[in-house]
Every structure is written in structure tokens, then in C-alpha cells.
Amino acid sequence: VYSASLSVAAGTLFYPNGTDPLTPAGVIALAIGAAALLQLAFLFPEVSALARRVPRFEWIGYLAALVAIGFGLQASVGRAQLPGSMTSWQPSYALAGLAALIYFLVNTYTSFTARSPIIKTQSRLLAAATILSWGPLGVSALSTRSTSQGFPPYVVLAIAILPLALAYSM
């Protein structure tokens with residue numbers, strides 16, 4: 001779900017015309033990808049104690065995604081968006097940034113507290129991959145917000161590092 005959602009989101013950023021009718025699909029895909037990353041944080045490489053105690057806790061990200069989708073679609077209705085415009089994407093980017101931060105923190109915590117050396121190694125690898133894959137997007141999102149410039153969609157390509165690291169660690 002994570003990889004498929006983010007591939008749709010990345011694809012919608014490269015629409016060649018001046019306005020982007022695929023913005024709603026990208027907003028939805030990025031929010032669902034962020035929710036899948038949150039779910040993954042609580043389930044891999046080790047099921048968290050919170051996910052064990054509270055049934056269906058790992059699904060909380062999808063509720064947050066519904067809220068982000070609602071705000072994002074509301075911002076995109078009736079407006080011609082320039083490619084790279086962040087107005088309708090901001091709720092999804094905020095959720096994705098929060099999900100990446102939580103994913104990094106959970107994996108860092110697991111790398112110190114896990115009993116198994118295999119889980120420790122997987123957590124360290126995934127924490128590093130999270131920084132490499134989501135770091136460029138986060139820096140770009142923060143810099144374009146402060147300067148009011150367009151968003152360069154090519155930084156989204158770095159997100160492919162995390163699924164590769166996940167596949168390697170399995």
C-alpha cells in the first residue's frame with residue numbers, strides 16, 4: 001500500500017500541462033501512503049507493545065488520512081493549481097512528514113531496546129533509510145513554504161529508497 005500510494009503521488013507531480021487535474025489523486029495517494037507508513041511503524045520490524053495492547057491501533061493513520069484528504073480536496077476544488085503548488089497538498093504533506101518522523105523515532109527506539117540483534121539491525125537500516133528518503137522532501141517542503149516558490153517535484157523520487165530498504169531488510 002505504501003509503495004503503490006507513493007508511486008501514484010509521485011506520478012501526479014509530473015503532469016506536463018500548466019494545470020493539474022490529477023491533484024486530487026495525488027492528495028489522496030500521499031495521505032494513504034503516509035497512513036501506510038504509520039501502520040508499518042507499529043508492525044515492522046517488531047510489533048509495538050501499543051499495537052498489541054490496543055487492537056486495531058495501527059489503523060489510526062488511516063483516520064488521519066481521511067481528515068487530510070478532506071482538507072486537501074476542499075482546498076483543490078474549483079482552483080486551477082500550478083504544478084508544484086502546495087496549497088491543496090499541505091495537509092497530505094503534513095501527515096506524511098509526521099508519519100516519517102514517527103517512523104524514524106519508532107525505529108530508532110527499537111534499535112536501542114530490541115532484544116534480537118536482527119531486529120536491531122533492521123531498525124537501524126530503516127531509520128537511516130527514512131532520513132535518506134524523506135529528508136529531501138522535508139527540506140524542500142520547508143524551504144518552499146518559507147520562500148513561496150514552487151515545489152520541485154523531483155525530490156519525491158528519493159522516497160523510493162525506503163521501500164528498497166524494507167525489501168532488503170525482510
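User: Which helices supply at least two residues each to the lining of the second largest pocket?
Analyst: In this predicted model, they are H2, helix H3 (49-53) and H5. H5 gives the most, with five residues.

User: What makes up the rest of the picture: how many residues line the second largest pocket, and which lie nearest its centre?
Analyst: The lining has 14 residues, and Glu46, Ser48, Ala49, Tyr109 and Thr110 are the ones nearest the centre. By type, the lining divides into eight nonpolar, four polar and two charged residues. The space in this pocket comes to about 240 Å³.

User: Let's take Thr110. Why is Thr110 called buried?
Analyst: Buried means under 20% relative accessible area. Thr110 has 9%, so Thr110 counts as buried.

User: Where is Thr110 placed, and what does Thr110 touch?
Analyst: Thr110 sits in helix H5 (residues 90-113). Leaving aside residues up to four places away in sequence, Thr110 touches Glu46, Ile119, Lys120 and Ser123.

User: Now to H2. How do you know that the span of helix H2 agrees with its number of residues?
Analyst: At 1.5 Å a residue, the 21 residues of H2 (residues 23-43) should span 30 Å. The end C-alpha atoms of H2 are 30 Å apart, so the two values agree.

User: And why is H2 called largely enclosed?
Analyst: Because 16 of its 21 residues are buried, H2 is largely enclosed by the rest of the structure.

Methods. Residues are numbered from 1 along each chain as its sequence is written. This is a predicted model: local features need pLDDT of at least 70, side-chain atom pairs count only at pLDDT 80 or more; totals for chains, interfaces and linings use all residues. Side-chain values use heavy atoms; hydrogens and water are left out. Helices (H or I, at least four residues) and strands (E, at least two) are DSSP runs, numbered from the N terminus. The expected span of a helix is 1.5 Å times one less than its number of residues. Buried means under 20% relative accessible area, exposed over 50%, partly exposed in between (1.4 Å probe, protein chains only). Contact means heavy atoms within 4.5 Å. On a 1 Å grid over the protein atoms alone, a cavity is a set of points where a 1.4 Å probe fits but cannot get out, and a pocket is an open set with protein on both sides within 12 Å along at least five of seven lines; lining residues have an atom within 4 Å of a point. Grid points are joined across faces, edges and corners, and a volume is the space filled by probe spheres set on the points. Ala, Val, Leu, Ile, Met, Phe, Trp, Tyr, Cys and Pro count as nonpolar, Asp, Glu, Lys and Arg as charged, and the others, Gly among them, as polar.
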